[in-house]
Amino acid sequence: MGEKIAGLDVLGEEYFADPHAYHAAFREGAAATRVVLPRGSRAWLVTRYEEARSVLSDPRFSKHHEGFRRVVELSRPDGAEEPAFDESLARTMLNMDPPDHTRLRKLVTKAFTARRVELLRPRVREITRSLLDEAAARGDVDLVDALAFPLPITVICEMLDVPMDRRDDFRQWSNVLVGGSFEPAEIQAAGQAMAGYLLQLVEHKRANPGDDFFSELVHASDDGDRLDQGELIAMAFLLLVAGHETTVNLIANGVYHLLRHPDQLAKLRDDPSLLPGAVEEFLRYESPINQATVRYTTEDVELGDVVVPKDSLVLVSLLSGNRDDAKFPDADRFDITRPTGGHLAFGHGIHFCLGAPLARLEGEIAVGMLLERFDVTPTEDLESLPWRPGTLIRGLVELPVNLTPRGAR
Ligand code: HEM
């Protein structure tokens, strides 16, 4: 494996290109491994299924944004400054512990239940159909750009009523904020631009409520409780970024592995009722989020065979837990009919993904309609396609394919 600092593996370019190789070695080694993050912080990385699941639901691993800065500073031996983006964007429920987390989550759960999300099905199909029509006209396309990315973005922007003309800006800001390879000044600028725009949006919604979900949030009240201005901005930020950066990889990673495993693709074509199970296998096998968002210990914690000291940064690799043979026998085998119950792709515990029903719906519709309409052939060597840098996202930069209408060969 690649570069080391003080005997610790550095999670850099080589890791982004093939995290699975690192994870396999780490799982063999210990319940948690000390690593150096791309920007130099020291952290513990949890890679086995059992410990991953237990960390995700153990309150001694905090996510609260207030204590977080201090622990990040402690984790940086060189004292270098960690790029921090706008504080107003950091106050999301994903960066909170109970009771703050409980309160914020309660105000938005209603909009994301499987029942509510199911109502979006016709619209998701319509958007997918029109994206596929455009792609069909071109034949050779990058599937990330043509389908995997625009579908979830259009859906979340419509839910929040973000005007069409600002969607390119959002893509840019969001990419900088979660990407692994940007300069602190760029991150700060993107954060400020995003926060400024979201503030305008909130004010606009307050003055001109519509029947969209965002207006509902602005006016949402639960037992008299409601979101204040700052909370609204942070919530919109979280939903938009989650909507931009995750489902794209479910769709592209899934199609990528179907193309790499023609037997599995054939099975799915023969029996489309396998689709929901196939989507779960996409999520397990090449999880769109590699490492869950960072946590820190509020006391010394015994984890399997190691003790993680108080005030340590802790990362949980969902991608790795999902490839642990102890939970999923022969875990490196891609099999769309295997049992996938308990996979960690959406996290676990109180921060379990709020958007899971929506992501599943979009994944099923996108892949289902794509296969129904087209024969899909890669136009570049699949093995050498580049992956996005960073420890958070596991996703392809591009997926160049040819789409030929079925039956036209
Ligand atoms: C395939 C697509 C998706 C994947 C793999 C995914 C994965 C995750 C994971 C792993 C977490 C927990 C992170 C942690 O504990 O550190 C999470 C949380 C969250 N996700 Fe997703 N997500 C996806 C799509 C979405 C979508 C479409 C939305 C909404 C538009 C969304 C909204 C959220 C929110 C709001 C949270 C925070 C929940 C909380 O703190 O209680 N996600 N997601």
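## L239 and helix α14

L239 is buried, with a relative accessible area of 8%, where buried means under 20% relative accessible area, exposed over 50% and partly exposed in between, calculated with a 1.4 Å probe on protein chains only. The residue lies in helix α14; helices (H or I, at least four residues) and strands (E, at least two) are DSSP runs, numbered from the N terminus. Along the chain L239 and T92 are 147 residues apart, and their C-alpha atoms are separated by 9.6 Å.

The model is a predicted one, in which local features need pLDDT of at least 70 and side-chain atom pairs count only at pLDDT 80 or more, while totals for chains, interfaces and linings use all residues. Residues are numbered from 1 along each chain as its sequence is written, and side-chain values use heavy atoms, with hydrogens and water left out.

## The shell around the ligand

Of the 29 residues around the ligand, H101, R105, T293, H351 and C353 come nearest; a residue is near a molecule or strand if one of its heavy atoms lies within 4 Å of it. Helix α14 gives the most to this shell, with three residues, and α6 (100–109), α14 (229–245) and α15 (247–260) each supply at least two. By class, the shell has 19 nonpolar, seven polar and three charged residues, where Ala, Val, Leu, Ile, Met, Phe, Trp, Tyr, Cys and Pro count as nonpolar, Asp, Glu, Lys and Arg as charged, and the others, Gly among them, as polar.

The iron atom of the ligand has C353 (SG) as its only protein donor, at 2.3 Å, and C353 is found in the loop between α18 and α19. Donors are N, O and S atoms within 2.8 Å of the metal (3.2 Å for Na, K and Ca), and water is not among the atoms, so sites may look incomplete.

## Aromatic pairs and charges over rings

A search of the whole structure finds 13 aromatic pairs, for which rings of Phe, Tyr and Trp (its six-membered ring) must have their centres within 6.5 Å; planes under 30 degrees apart count as stacked, over 60 as edge-to-face and the rest as tilted. One of these pairs, F68 with Y296, is tilted, at 6.4 Å centre to centre and with 40° between the planes. Because F68 lies in helix α4 (residues 65–74) and Y296 in strand β7 (residues 295–297), the pair ties together parts that are 228 residues apart in sequence. F68 is partly exposed, with a relative accessible area of 27%, whereas Y296 is buried, at 5%.

The rings of Y285 and F334 have their centres 5.1 Å apart and their planes at 55°, so this pair is tilted. Y285 lies in helix α17 (residues 275–285) and F334 in the loop between α18 (318–321) and α19 (356–373), so the pair ties together parts that are 49 residues apart in sequence. Both Y285 and F334 are buried. The charged end of R323 sits over the ring of Y285, 3.8 Å from its centre, and K327 lies over the face of F328, at 5.9 Å from the ring centre; the criterion is that NZ of Lys or CZ of Arg is within 6 Å of the ring centre and within 35 degrees of the ring normal. Y15, F16, Y22 and F26 form one aromatic cluster.

## Buried loop residues

S41 lies in the loop between β3 (32–36) and β4 (42–46), and at 3% relative accessibility it counts as buried. Its side chain makes a polar contact with the side chain of R76, at 3.3 Å; such a contact is a pair of N or O atoms within 3.5 Å, and within protein one must be able to donate a hydrogen and the other to accept it, with residues adjacent in sequence counting only if both atoms are side-chain atoms.

M96 has its place in the loop between α5 (87–90) and α6, and M96 too counts as buried, at 6% relative accessibility.

## Backbone exceptions

Most residues other than glycine have a negative phi, and most peptide bonds are trans. A cis peptide bond, however, joins P98 and P99, with omega about 5°, and P99 lies in the loop between α5 and α6.

A6 has a positive phi of about 50° although it is not a glycine; A6 lies in the loop between β1 (4–5) and β2 (8–10) and is exposed, with a relative accessible area of 73%. D330, also not a glycine, has a positive phi of about 55°, and this residue is partly exposed, at 45%, in the loop between α18 and α19.
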